[in-house]
Amino acid sequence: LRWMPFADTTWTRLGVILRRIEMTHSTQPGSTTSQAARALSRAIELSPQNAYHHANWGRFLGRMEGASADASNQAFDRALNLDPYNALIFVDAIEAAMRHQEIDRAQTLAERLVAKYPRYGVAWLWLGLIARAADRLDEAEAFFSNAAHGEWPNDPQGLSKSRAQLEAFLR
């Protein structure tokens, strides 16, 4: 960082890497969390119009134990305002909402994603998972079917996961 202290992407990468290290290798939870938070915040300071920086912040908060759902939601809302057609940000926002058990928010986000990309299998899979969580089983079956027949660009594992969800649901 000494050689690129004003490169916003450097700070984002550092934050993501530190968080990933803590999640997978740390024996002392929280040991890199504050460093990751500082790095991600610095990226936003350097480039506040970059949707990915806000999404990374929202993802960080969405996966952190005890973090505020409101703070995560605000970060994702900002990211989606900056880049309203970014399907990956939508998916991360849906996942964070589900982690915080905000089913209505997840439903709204998934519906917005399907409205933008009606053939996107991931969006239909999330709608199916949300409907199943809300015990709306007829809807869930239809959504899982749409997911299994949807498009999965560059994600053959997602397609397999979707088909497995549908098969498990129909048993």
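Leaving aside neighbours within four places in sequence, I130 is in contact (heavy atoms within 4.5 Å) with I94, M98, I103, A106, Q107, A110 and R136. The model is predicted, so local features need pLDDT of at least 70, side-chain atom pairs count only at pLDDT 80 or more, and totals for chains, interfaces and linings use all residues. Residues are numbered from 1 along each chain as its sequence is written, and side-chain values use heavy atoms, with hydrogens and water left out.

- I130 sits in helix 7. Helices here are DSSP runs (H or I, at least four residues), numbered from the N terminus.
- I130 is buried, with a relative accessible area of 0%. Buried means under 20% relative accessible area, exposed means over 50%, and partly exposed lies in between (1.4 Å probe, protein chains only).
- I130 and E102 are 28 residues apart along the chain. Their C-alpha atoms are separated by 10.0 Å.

**Nonpolar cores**

- The largest nonpolar core has 33 residues. A nonpolar core is a set of buried Ala, Val, Leu, Ile, Met, Phe, Trp, Tyr and Cys residues joined through side-chain atoms within 4.5 Å.
- Within this core, I89, I94, L113 and Y120 touch the most other members.
- Two or more residues of this core come from each of helix 3 (51–63), helix 4 (69–82), helix 5 (87–99), helix 6 (103–116), helix 7 (121–133) and helix 8 (137–149).
- Helix 7 gives the most to this core, with nine residues.
- L113 touches A87, F90, V91, I94, Y120 and A123, not counting residues up to four places away in sequence.

**Aromatic pairs**

- A search of the whole structure finds two aromatic pairs. Rings of Phe, Tyr and Trp (its six-membered ring) pair if their centres lie within 6.5 Å; planes under 30 degrees apart count as stacked, over 60 as edge-to-face and the rest as tilted.
- W57 and F60 form a stacked pair, because their ring centres are 5.4 Å apart and their planes are at 20°.
- W57 and F60 are three residues apart in helix 3, so about one helical turn separates them.
- W57 is partly exposed, at 22% relative accessible area. F60 counts as buried, at 5%.
- W124 and F143 form a tilted pair, because their ring centres are 5.7 Å apart and their planes are at 40°.
- This pair links distant parts of the chain. W124 is in helix 7 and F143 is in helix 8, 19 residues apart.
- W124 is buried, with a relative accessible area of 14%. F143 is buried too, with 15%.

**Cavity and pocket**

- The count comes to one cavity of 30 Å³ or more. On a 1 Å grid over the protein atoms alone, a cavity is a set of points where a 1.4 Å probe fits but cannot get out. A pocket is an open set with protein on both sides within 12 Å along at least five of seven lines, and lining residues have an atom within 4 Å of a point.
- The largest cavity has a volume of about 30 Å³. Grid points are joined across faces, edges and corners, and a volume is the space filled by probe spheres set on the points.
- R59, G62, R63, D92, E95, A96 and R99 line the largest cavity. Helix 5 gives the most to this lining, with four residues.
- By class, this cavity lining has one nonpolar, one polar and five charged residues. Ala, Val, Leu, Ile, Met, Phe, Trp, Tyr, Cys and Pro count as nonpolar, Asp, Glu, Lys and Arg as charged, and the others, Gly among them, as polar.
- The largest pocket has a volume of about 280 Å³. Of the 15 residues that line it, V91, V122, W126, W152 and D155 are the closest to its centre.
- Helix 5, helix 7 and helix 9 (156–170) each give two or more residues to the pocket lining.
- The lining of the largest pocket divides into nine nonpolar, two polar and four charged residues.

**Positive phi in loops**

- Most residues other than glycine have a negative phi.
- Q101 is not a glycine, yet its phi is positive, near 55°. Q101 lies in the loop between helix 5 and helix 6, and is exposed, at 69% relative accessible area.
- D135 is not a glycine either, and has a positive phi of about 65°. D135 lies in the loop between helix 7 and helix 8, and is exposed, at 59%.
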